[in-house]
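Subject: Handover of a structural model

Dear colleague,

My notes on what was found in it follow directly after.

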Amino acid sequence: MNAQRGSVERELVHNRIPLLRADRGLSRTDLAEALGIHYQTVGYIERGEYAPSLHLALRIAALFGVPVEAVFSLEPFGPLGVDALMGRPAPGS
Amino acid sequence: MVSPQRFSPASIRRDRRRLAVIAAFAGYPLLQIGYSSLVAPGRLATAAWAPFAVALFAMTLTGVFLVYAYARDRMAWGWFPFFLNATSGRPQLDERQRAIRDRALVLSYRVLSLVVGLTIGAAAGVASNEPIVLDFPGLLPFIVVFALYVPFLPFAVLAWIEEDLPGDEERPLGQARGAW
């Protein structure tokens, strides 16, 4: 069980769900209802205490209309640049 | 005007859940140990022991009810009619809830296997020195433990292992704010 818990701790998945929720004006409850999961599960995912299945991760990304790698990452997300904040396409995109 | 807060079992903090589990598992065994070591040999009068017995039994019952209230919606066993009825009309568990329920069931099986193994080992050790008499008064504690604690074990393990709920942003209407 310790090994299992340890592997869960190592498999931390960072996410931008709070940011996307705020941008779309969604509450945890709204998001949970749209996904068919419990609203507390949204909180666990946001805090990185539960890594969602690939299926759920893809559904979350599809709900926000962004690629899954824009929502989840194995590395911490950096701060948003000016282009993203101004809604402009990133240079080179 | 401050609206009254309703008690929400789902918001019981983990430290308090663990206290409830300890109370549930400690109360009845302490009751039996106290009776067999103090009252049965005549060291303590039954009337003097009665308040302690009531308190210990109440401790067990309180712990059982708190833990059951916390975990009852989470232990949906579709194959068992009692739980099927108890959970009908409730939302399906999502993947995280199923995952932690499965962890609780696996851990319960391990705990139960360990306890059964230790009990058989202890019985074998005692039986090697003197015969074991299996009369009803002697078996009663084991019957109660089996009837009460074995079905309760997965609920207790779930209440023990689950992390505290995420920050209390937006609870559904009608649920209490603030962790109990």
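In chain B, residues 24 or more positions apart account for 79% of the contacts with a separation of 6 or more, a contact being heavy atoms within 4.5 Å. For chain A, among contacts between residues at least 6 apart in sequence, 57% join residues at least 24 apart.

Before the details, a word on conventions. This is a predicted model, in which local features need pLDDT of at least 70 and side-chain atom pairs count only at pLDDT 80 or more, while totals for chains, interfaces and linings use all residues. Residues are numbered from 1 along each chain as its sequence is written, chains are lettered from A and ligands numbered from 1 in the order in which they are written, and side-chain values use heavy atoms, with hydrogens and water left out.

Confidence

The model as a whole has an ipTM of 0.72 and a pTM of 0.75. Per residue, the predictor's confidence is given as pLDDT, on a scale from 0 to 100. Chain A averages 84, and 85% of its residues score at least 70. Within chain A, helix α1 (residues 2–10) has the lowest confidence, with a mean of 49, and α5(A) has the highest, at 96. The pLDDT is below 50 over residues 1–8 of chain A, and this stretch has four contacts in the model beyond near neighbours in sequence.

Chain B averages a pLDDT of 82, with 79% of the residues scoring at least 70. Over residues 170–180 of chain B the pLDDT stays under 50, and the model has 30 contacts beyond four places in sequence for this stretch.

Overall make-up

Helices (H or I, at least four residues) and strands (E, at least two) are DSSP runs, numbered from the N terminus. Chain A has seven helices and two strands, and from the N terminus on its elements run α-β-α-α-α-α-α-β-α. Chain B comes to five helices and zero strands.

A residue is called buried under 20% relative accessible area, exposed over 50% and partly exposed in between, using a 1.4 Å probe and protein chains only. Of the 93 residues in chain A, 31% are buried; of the 180 residues of chain B, 29% count as buried. Accessible areas come from the Shrake-Rupley method with a 1.4 Å probe, and for residues only the protein chains shown count as cover. The accessible surface is about 5,700 Å² for chain A, with 58% belonging to carbon and sulfur atoms. For chain B the surface comes to about 11,200 Å², and carbon and sulfur atoms hold 70% of it.

A helix pair in chain A

Helix α3 (residues 28–35) and helix α5 (residues 54–64) of chain A have axes that come within 11 Å and cross at roughly 115°. Axes here are lines fitted to C-alpha atoms, for helices over the stretch in contact, and angles run from 0 to 180 degrees between N-to-C directions. On the α3(A) side the contact is made by L31(A), A34(A) and L35(A), and on the α5(A) side by L56(A), R59(A), I60(A), L63(A) and F64(A).

F64(A) also touches L26(A), as does R21(A), when residues up to four places away in sequence are not counted. L26(A) sits in the loop between α2 (17–24) and α3 of chain A. With a relative accessibility of 27%, L26(A) counts as partly exposed.

Two positions in chain B

P41(B) lies in the loop between α1 (14–39) and α2 (46–71) of chain B. P41(B) is partly exposed because its relative accessible area is 47%. Leaving aside residues up to four places away in sequence, P41(B) touches Y35(B) and S36(B). From C-alpha to C-alpha, P41(B) and A124(B) are 25 Å apart in space, and they are 83 residues apart in sequence.

V111(B) is found in helix α4 (residues 95–127) of chain B, and its relative accessible area of 34% makes V111(B) partly exposed. V111(B) and L153(B) are 42 residues apart along the chain, and their C-alpha atoms are separated by 8.7 Å.

With kind regards
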